[in-house]
Amino acid sequence: MQVIIPGETQRFGLRLVAYAPNGPRRGPLQPLEYEAAWPLDDVPALKVSYTAHVPGAGLLAVPCEVAVEVWDGTAWAEPPDSRFLRIVRDGNESDPTSARSYELPGYAWMARKLVLYPPASVDALVDGKRPFLSATPGQILQTWLAEGRARGAVPGFGWDFTTTHDSNGAPWAKIITIYYEPGMDLLTCLINLSEQGMVDWQMQGRTLRVFNADTVLARDLASGTAPVDLKFGRDVVEAPTKGTLEDAASAVLVVGDEGMRLELTNPGATAPWGRWEQYIGQGGVSDPGTATLLAQSALERAGRERVQVTRGITPQAARWLPWRDYRPGDQILAPSDHGAMESLRVRQVTLTMGRDGIAGNLVLNDRFLEREIRQSRRTAGIVGGSTADGGSGARPAPESPTARVPAAPQGLIVDAQAYVDMAGFPQGLAVATWGAVITDVGGVAVDTDGYELFVRVNEFGAPWFMVVATDRSDTSATVSPLVVGGEYAFKVRATCRGVKGEFSAVVAVTIPDDVTPPPVPTAPTLSTRLGQIYVTWDGLGEGDVPMPSDFRAVRVWMQDPLAPGGQVVGYLDAAGSVVVPHQPYGADREFWFTSVDRSGNESGESVHAFVATASLVDTDVIGEIIDGAENIIDGTIPGDAKITANSITGRLIRALEIQAGHIQSNAITADKIDVGAVRASHIAVDAVEARHIKAGAVTASKISADAVQAGNIAAGAIDGMVITGATVRTSSSGARVELNSGGIGAWSAGNVQTVSIAGANGTFFLRSGSSGARVELDTTGLRAYNAGGTQTVAITAGDGSVAIIGQASSGTGGNRMVLNPAGSSYPEIRFYGSNGSTYAAIRGPATVSAEPEITLGGAVGANGRTPTLLLGSGFSDWSITGGSIPEARIRLWGGGDVDINGTTLNLRTTNSAARLNLTTNGWVDFFGKMGAPGASGAVGRGNVTFSGSNVVGGSVGYGYTFTGGDAFVVGNVFYMWDVLPSSLRGRNNGGFSFEMTKAAGSLFDFSFWVWKQ
């Protein structure tokens, strides 16, 4: 829980509040510690540690909702994505502390429980999938929500967008043609739409809010007059950074259909070991524009070191607070990979409440990673991200001697984009997508041959040209190159056995120009020589990235800092220098760069640099030195040549010409010295001694950080002295050890804190890194993480529990065993064969609501069949399937029994009198009836004993009733003292009667068989 110090204003706080499921507030919670993580466009998560001995424990004993509320200095409020579901609990009943832990996904997790049902008519399906043709994101999502609400599913789940407008009231910016499998859940659909760049989304309480992508959840807080700037020491306390070259490449080969091959190289890529290659095999791509775009996107991702930026924050001391001042999706200023302030996007906020109060961290993406995300979305849509799963929708049509006219395709969408060709010039590309044609013009099912896409310049009377012909399985095509800024019209039709179908509606689009600016150039390097200024550029962008192929030039800007107003003074189209002459001696000049491309896009400004022109020699300014007034005759200096006020300035006086003896005592006071005019470099060594400094004149606030270092302190100067309230450290950055009032800390060469020992409470931690592969040890236990940052080992000090998390494998290929394989949605163990791909598997239940069960299965065998053994509480199955239908199966239901021993095979139910025995000597023993009453071939048999004398007949009931009419019966009297012939007198579906030719004198048996054909 959070401790509030009386009399101290609380700037930031967290608390947890319990709610009934879809119901009212229950009360506050007081956990031992908890951690909440809020990612952008994903399900948030909350981890809570509790003990049964503190108030509120009973609220978590049953399913409930938990809200995280934030205090921003004025009021408590529940931020977006802050309602969680108590789904998973964990504890040890033998633990005397009754410690419990809970894992709570965000309320959006509930969308997993809302699935897409098939339509009422199967004719509405296309290749078994539901089509959404030219649909807005609101239309797609409301299909799930409205249909689910009608069924009574997830009744508390609300939404505030419509089919035409997003949650902010803005019209939907994009439409899409896409096909979804029945059975897909709403959460999968929502994440799919966000990954395609269609939407951003979040929850507000129990209400789903969906926005156009990169609008409401992409605020720019990094620019303007008051940017949100997180600074070291004030807002940021840790700055772990992890970089990798694992995916680097300087050359990429794209291989598509119809023999299409394209290789692109990036000479500016990071390649310390020379050329590294990458291969892209992309079926369905035969267009050079698409191939170029794919190759450029891959080279951009692989051209530099990929860096993960995480920044630790301290809300109590920070100026800018999460949720009050910024949230996931915002652009803010923060220290980048190299420590410089840069515009970064908040991808995740994590806050932790523990014994030491509130801490947290931010996951930040720089502009390179954000551009890679946009490029991935763009290429995914081009190569079939929206329609690749849709299939053709073709249905079997009855054979006909004559072909029929296919109906017009529906849902034609054309996505126009710009790309840069290999020569560095902008070109246009159009991706056309349409719905599959499954009927002719009369509505009868038809089997199409393929599709023909036509295009023309969008002018009256302009001719149409067929540009692409696809087969019937492909409902998407790419056209390039097109002229940027040009307007084009598109239409498509299907064909059936050579018969041309009706055209779709015409769609017109304007091809956009390239709007992506080149990288910001690196800072200018300045020098002055021979009275001129040299401005030099190294040819790279910030972060040492190369300039793109459409780069045109760098503009060189200059201004007088005392009279702002920048002007372009030169251009550079490659690394080099610009010479700037005719600037006054000693006057500061400010320089910076911007870069432009062939489309006219201009980057932001580079880092600014300053320089002042130096004179050639002193006599350039002073003609000659006047060496004594006695050499000047009165009246020889005219009035306009005499020295007047302000006519002699500092830059006209030769260095060291004025000495202390030339200055009258107290003639120079502080108010006569401009701020910044006297610097350390202007003061001679040992010129200022302690006797020259007034007592109390030098205070801590007047000493710059790191100004006093070990080299400035004389040996023995602090021997035997006491230093109070100071920070003693071996260095200000990099590998160092530091001792301060808080305790002892150590940092690695990468500026990652590896050791912390707190003096106040004795807490500590040791770690080999702050992200990626590492080991951590602190008062809570021991943890290990893999290179991807996923926790793989946990040893908890509180209860001694040990957990190994994530995939575990006995090898990297071939014969091996894999526990919890990546991508599996349920507990699983796989056993791989020598080829490394086929496997047998043991699986647990797929959902928490399923009955206890375990499944033994595997990959599809060489014969196309898959064996499966299911052990469940309701029934058990041993089946062999081909496709999705079992071809052979043994099923054991609850209450049933199969017993194989050394002598017999027994099949029986819990009623031991009804069973079948197969014996080793070839006998088949039946107990009860064989078959089901009323079914074809149902058979029963029995033996009835009659007692009494002079009995000449009787009746027998089966004990069950045959359905569908009377059963057939054969029987015979067995009497050990005589032969008693008998005959049947009546039979029905429940029994029969018989008579004998003479009476029996004592007990006799009547044995019979009965069957129903």
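Guide: Let's begin with disulfides: a search of the whole structure, which is a predicted model, finds 0 of them.

Now for the rings. Searching the whole structure gives 18 aromatic pairs. One of them joins Phe-132 and Trp-144, which are stacked, with 6.3 Å from centre to centre and 10° between the planes. Phe-132 belongs to strand 10 (residues 130-135) and Trp-144 to helix 1 (residues 137-151), so this pair ties together parts that are 12 residues apart in sequence. Both partners are tucked away from the surface: Phe-132 counts as buried at 8% relative accessibility, and Trp-144 is buried with a relative accessible area of 1%.

Phe-132 also pairs with Tyr-180, this time edge-to-face, at 5.9 Å centre to centre and with 65° between the planes. Because Tyr-180 lies in strand 12 (residues 176-180) while Phe-132 lies in strand 10, the pair ties together parts 48 residues apart in sequence. Tyr-180 is buried as well, with 3% relative accessible area.

Elsewhere, ring pairs link Phe-946, Phe-992, Phe-994, Phe-1004, Phe-1006 and Phe-1008 into a cluster.

Finally, look for charges placed over rings. Lys-491 has its charged end over the ring of Trp-464, 4.3 Å from the ring's centre. Arg-529 lies over the face of Tyr-534, 4.7 Å from the ring centre.

Definitions and conventions
Residues numbered from 1 in each chain as written. Predicted model: local features only at pLDDT ≥ 70, side-chain atom pairs only at ≥ 80, totals over all residues. Heavy atoms only, no water. Disulfide = S-S within 2.5 Å. Phe/Tyr/Trp six-rings, centres within 6.5 Å; stacked < 30°, edge-to-face > 60°. Helix = DSSP H or I, 4+ residues; strand = E, 2+ residues; numbered from the N terminus. Buried < 20%, exposed > 50% of the residue type's maximum accessible area, 1.4 Å probe, protein only. Lys NZ or Arg CZ within 6 Å of the ring centre and 35° of its normal.
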